[in-house]
Amino acid sequence: MNKKEKSMKKNDIKELTKKDLIEWLENNDIKPYRAGQIFKWLYMKQANSFEEMTDISKKIHIILSDNFTNDRLEIEEKEISNDGTTKYLFKLNDNYYSECVLIPGEDRNTLCISTQVGCAQGCKFCLTSKGGIIRNLRCGEILSQIRDVQFDLTDQKITNLVFMGMGEPFANSQSVLDAISAITDTDHGMKFSPRKVTVSTCGLVPEMIDFGKKSNVNLAVSLNATDNKTRDFLMPINRKYPIEVLFDALKKYPLAPRKRITIEYILIKGINDSNEDAMRLIKLMKKIKGKLNLIPFNEHPKSQFRRPDNDTIEKFLAHFHKNSVIATIRKSMGQDISAACGQLDANKRKLSEY
Ligand code: SF4
C-alpha cells in the first residue's frame, strides 16, 4: 500500500467535532483537555502536521498520526480578478472538486464556501445545478476550504463567511452544523462571530426551521421571484415549498434581537425585474424582519438569461427605498474570471449551457 492509499484509509481529523474528539481521546486513554490543544493547532495556528503540536507529547503525535490525517486540499486552479476577487478550485481525495471565492471589500474579506459537490436543486440560473448532485462535502472538507484559503493568504485575514458556493447547505445540514461549531468556537476554533457567518438556502423549509433552532448564524434565502409560476420555473424547490409556505416559516424563524433575514433576489432581464415584481416583493418583505439584497444576474455566454440594464436596476431598487424596505444592490465582483457559482467546477466537468 503506498502513502496515499494508506492516508485514504484514515479519517481526516477535521471530520471530528470537539465533542467527538474528546470522546475519541478518552477511549484512547488520553486526557480530554488535549482536544482543545489539538483544535487550536488545527484552526488557530494552521498546523500542517501533528508533530508541529509542540505542547503535545511525541507519544500522542504517534497515536494521532496512526489514526488520522491532517492534509491540506490540493489547489487545482486559482484565478485572481483585477478587483482582487480570487477563486479557488480544490481537488478532493476522490478527484472531485470544491470551489470557493474570496471577495475583498473595503473593510472585510468574505469567503464564499461550498457544501456539496454539485447540487440537486436544479435552479435554472445556476451552472452548478447542470451536473446534478455528486455528493455532500464532509465537515472536514468544508472546514479545509476556510483553513486552506487562509493559509494561502499571506497578508490578509478572512473576516466573513458565506455558505453560498456549490450546493444547498440544508441538504447537508449535519456537516454544516458540525463545521459551524468549529468555525464559531472562540476558545479553540476559528473564532468567527456568528454575526460574520451566513448560511444561504434555496428554501428547504423543514431543514431551515430545524437549523434555526440549532444555530445562531445569519440566514439568507434565495428568493428570485415574487409569484409561484415564475419561481416554479426558476427554482423547482418552489413546487414543494411555495412562496407563502416559505414566508410563513420565515415569519416564525428564531431571530436574535437586531438580526434580519437576508432575502437574495437575482435580477434577471424580462423574468423578474418589472414594477409589478417590485410591488409584490415589497409586500413579501413587509411580512418578515428582513433586508433585501438585489443581485444583477452575472451574465455568462453559456446562460440563456441576461442582466437588466442599469436604469432598470436603479428603478427597481428605488421602489424599496420609497417604501422603507432595507435594500442594497450587490456589486458585481470578479467579472473577468469564472466567478459565478460553479463555473470552474463546470469547466472541469465540461458542463454545457444553462
Ligand atoms: S443556486 Fe444554489 S441551490 Fe440552486 S442549484 Fe445552484 S447551488 Fe443549488
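The shell around the ligand divides by class into 6 nonpolar, 5 polar and 1 charged residues, where Ala, Val, Leu, Ile, Met, Phe, Trp, Tyr, Cys and Pro count as nonpolar, Asp, Glu, Lys and Arg as charged, and the others, Gly among them, as polar. The ligand is surrounded by 12 residues, the closest being C119, Q121, C123, C126 and S129; a residue is near a molecule if its C-beta atom, placed from the backbone, lies within 6 Å of it. The model is predicted, with local features requiring pLDDT of at least 70 and side-chain atom pairs pLDDT 80 or more, while totals for chains, interfaces and linings use all residues. Residues are numbered from 1 along each chain as its sequence is written.

The protein is divided into domain 1 (3-69) and domain 2 (74-349), with bounds from an automatic or database domain assignment. Their centres, taken over C-alpha atoms, are separated by 32 Å. In domain 1, 11 residues are in contact with 16 residues of domain 2 (C-beta atoms, placed from the backbone, within 7 Å). The side of domain 1 that touches domain 2 draws its largest share, 4 residues, from α3. By class, this side has 3 nonpolar, 3 polar and 5 charged residues.

In α2, K18, L21, I22 and L25 meet R34, A35, I38 and F39 of α3. This contact has 6 nonpolar, no polar and 2 charged residues.

Notes
Contact = placed C-beta atoms within 7 Å. Helix = DSSP H or I, 4+ residues; strand = E, 2+ residues; numbered from the N terminus.
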